[in-house]
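Subject: Structure for your review

Dear colleague,

Please find the structure below, followed by an account of what was found in it. I would be grateful if you could read the two side by side.

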Amino acid sequence: MRLSNIPLLRPWAALSLATLIGLSSGADTDQWKTLKPQANAIRELLSLDGTWNFALPQSREIEEDQGWTSVIPPKLQIPVPASYNDIFTDPAIRNNVGWAYYQRHAIVPQTWSEGRYYVRFDSVTHEAKVYVNDEEVGGHVGGYTPFEVDLTDLVSPGEQFRLTVAVNNILTWQTIPPGEVVTNEAGKLRQDYNHDFYNYAGIARSVSLYSVPDVHVSDVTVTTENDDEGNEGTVNYSVETSGSNDTQARVTLIDEDGNEVAEASELEGSLNVSPVNLWQPGAAYLYTLRVELLSDDTVVDTYDLPVGVRSVRVEGNQFLINGKPFYFTGFGKHEDSPVRGKGYDPAYMIHDFELMKWMGANSFRTSHYPYAEEVMEYADRHGIVVIDEVAAVGLNLGISAGLRGDEPPKTFTEDKVNNETQKTHAQALRELIHRDKNHASVVSWCVTNEPASAEDGAREYFQPLVELTRELDPTRPVTFTNVMGATVDKCLISDLFDFLSLNRYYGWYVQTGDLESAEVAMEEELLQWVDEYDKPIIMSEYGADTLAGLHAVDEVLWSEEYQTNLLRMSHKVFDSIDSIVGEHVWNFADFQTPHTGVNRVDGNKKGVFTRERRPKAAAHELKRRWLDEGFPKLGNGTSGA
Ligand code: BDP
């Protein structure tokens, strides 16, 4: 039998560049190495979501202010999860630059007297310090990945404690994404940044308390292999425990009907299934990998991981899932909704997936940061394909300078994007891959959005990061999105990646209002990429700002007709080029942007849905195209949704 999931990429030299320059060293603590908690016969899970008390610090210096040493009164209360910016009416909160405090009381149940217990934050944007009563017990840098704090030796079961989280929203040149705090003419702090979405902050995802036994499963990693026909599949797994390496285990693979289809008794191994139900785009099938740790034949811990068996690889100019050419239809998205900002909201999440299904979108990119874990689980369950992006957006000083007509300053310099930034970026990749490595829906890692890839220093900055990504996961193709202007003759990094993702705004930022010229220019550029690289190309962004309800007979910018016509024009070009293997419209829905640009009217309006998720005419146009049986690109067994 020929297994199709041969590691895609060249084997790694013992000492890669990433290792040599110290990118493989990791963060200060391993609080980010958190396996998503679950409740079962042995483990317990308690939500700490709900209403917390909230305060801004009196002074700007958290070390001086020490707000966590006192009880924060319930004068201001805040929902968790949610971004804090749009909850209140006070501009000081909305425009806060620096720390803010969240506080609540919690109790570790008396029944948790055996084993260990943790508080887990699914995300705190962008930096957190966690306090139990008066003591700082942990923290995290990076706004879109989880971390946890072991509370076992800090609070006793049955004891009430004060849990305070100081949240910092500051972006600097050494954070991912980067930014810069400046003092404005009025003497106030202002957060500047180079990305086109609002810098929402707060406890944006769930918080929980959970318990595990002393000897417990601390991590599980799976990779899968299969033949293209689904005759045979293999689940390779590796389990880490808090106990010794000879901890006894039982590992079973259970199908959707609850039947055990394979079993093993080692912490690391391979399980074969024949015939196998493959995880397919639009037709997900999830096995359960059940890991049980045993002591004298008694189960002391158990953890269930959903596993989809599928293979992904790039061959020539095709992107193959289970050996079949896959054509991506869908969007670049945002986690963004009125009032909640970037707060996780299950209603919006499922509604968004339903809208995508309604119109035949089979995939999306997590532009421009890792989304909530629930989103990834839902994509696994429903067969939606995901390009998973780290929060490395705005590593490009050229874009905003270009918009202002200024000479672009250099991005990769000592005082801007430098070695420290690269280290933060490496850690962000490490945390993303650690969190999402087991999701069948994730078919690729996107290491950055629209960096200054044509500037000196870009290659030195990105090459080690691409190598690190491949070291961390040799099974998934790696990409980045290339910015307009970093053309085939100028881009210094495109050869490092498995497939090309191009963000292009023909008919909008260039050839504005002239779709005939836009078509010519777009085709000409795409053919240059095809000539230079025998690689698949995804159009990872294209679109036009559109004011819902503005209609016009003629080609009027911002009208629903113009957006529709621009998409139609783009599709004509895509359909004529074999190497184009996907189209992700920018954006799924309108979203909030910083209030510092005159080219945005209450946010970016390139959504094909409004921020409230009402369709513009373009949504119907896309639905017609993506669900049309004659859609030329959706042949070869690829499925809509
Ligand atoms: C691209 C960015 C995206 C922006 C979009 C736009 O990747 O974040 O929102 O352009 O201008 O440069 O609408």
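A polar contact is here a pair of N or O atoms within 3.5 Å; within protein, one atom must be able to donate a hydrogen and the other to accept it, and residues adjacent in sequence count only if both atoms are side-chain atoms. The model is predicted, and for that reason local features need pLDDT of at least 70 and side-chain atom pairs count only at pLDDT 80 or more, whereas totals for chains, interfaces and linings use all residues. Residues are numbered from 1 along each chain as its sequence is written, and side-chain values use heavy atoms, with hydrogens and water left out.

The ligand site

An oxygen atom of the ligand is 3.0 Å from an N or O atom in the side chain of W586. For the side chain of R600, the corresponding distance from an N or O atom to a ligand oxygen is 3.1 Å, and a polar side-chain atom of N604 lies 2.8 Å from an oxygen atom of the ligand. Taken alone, the ligand exposes 320 Å², and the protein buries 90% of that (accessible areas by the Shrake-Rupley method with a 1.4 Å probe; for residues, only the protein chains shown count as cover).

There are 13 residues around the ligand, of which D196, H368, E450, Y509 and K606 come nearest; a residue is near a molecule or strand if one of its heavy atoms lies within 4 Å of it. This shell divides into 4 nonpolar, 4 polar and 5 charged residues (Ala, Val, Leu, Ile, Met, Phe, Trp, Tyr, Cys and Pro count as nonpolar, Asp, Glu, Lys and Arg as charged, and the others, Gly among them, as polar).

The sheets

Helices (H or I, at least four residues) and strands (E, at least two) are DSSP runs numbered from the N terminus, and two strands pair if DSSP finds at least two bridges between them. An open, antiparallel sheet of 6 strands has the order β3-β2-β4-β9-β6-β7. Its edge strands, β3 (77-80) and β7 (135-141), each pair on one side only. From one strand to the next the twist averages 30° (axes are lines fitted to C-alpha atoms, for helices over the stretch in contact, and angles run from 0 to 180 degrees between N-to-C directions). Strand β6 (residues 127-132) is joined to β7 by 6 bridges, and the two run antiparallel; E127 has V141 in β7 as its bridge partner.

Another open sheet has 3 strands in the order β20-β21-β22, again with antiparallel pairing. β20 (312-315) and β22 (324-325) stand at its edges with a single partner strand each, so one side of each is left without a neighbour in the sheet. Between β20 and strand β21 (residues 318-321) there are 4 bridges, and V312 stands opposite I321 in β21.

Individual residues

N482 belongs to strand β27 (residues 478-482). N482 counts as buried because its relative accessibility is 1% (buried means under 20% relative accessible area, exposed over 50%, partly exposed in between, with a 1.4 Å probe and protein chains only). The side chain of N482 makes a polar contact of 2.6 Å with the side chain of R504.

E335 lies in the loop between β23 (328-332) and α4 (346-358), and it too counts as buried, at 13% relative accessibility. E335 and V80 are 255 residues apart in sequence and 15 Å apart in space, C-alpha to C-alpha.

D406 is found in the loop between α6 (398-404) and α7 (419-436). With 38% relative accessibility, D406 counts as partly exposed.

With kind regards
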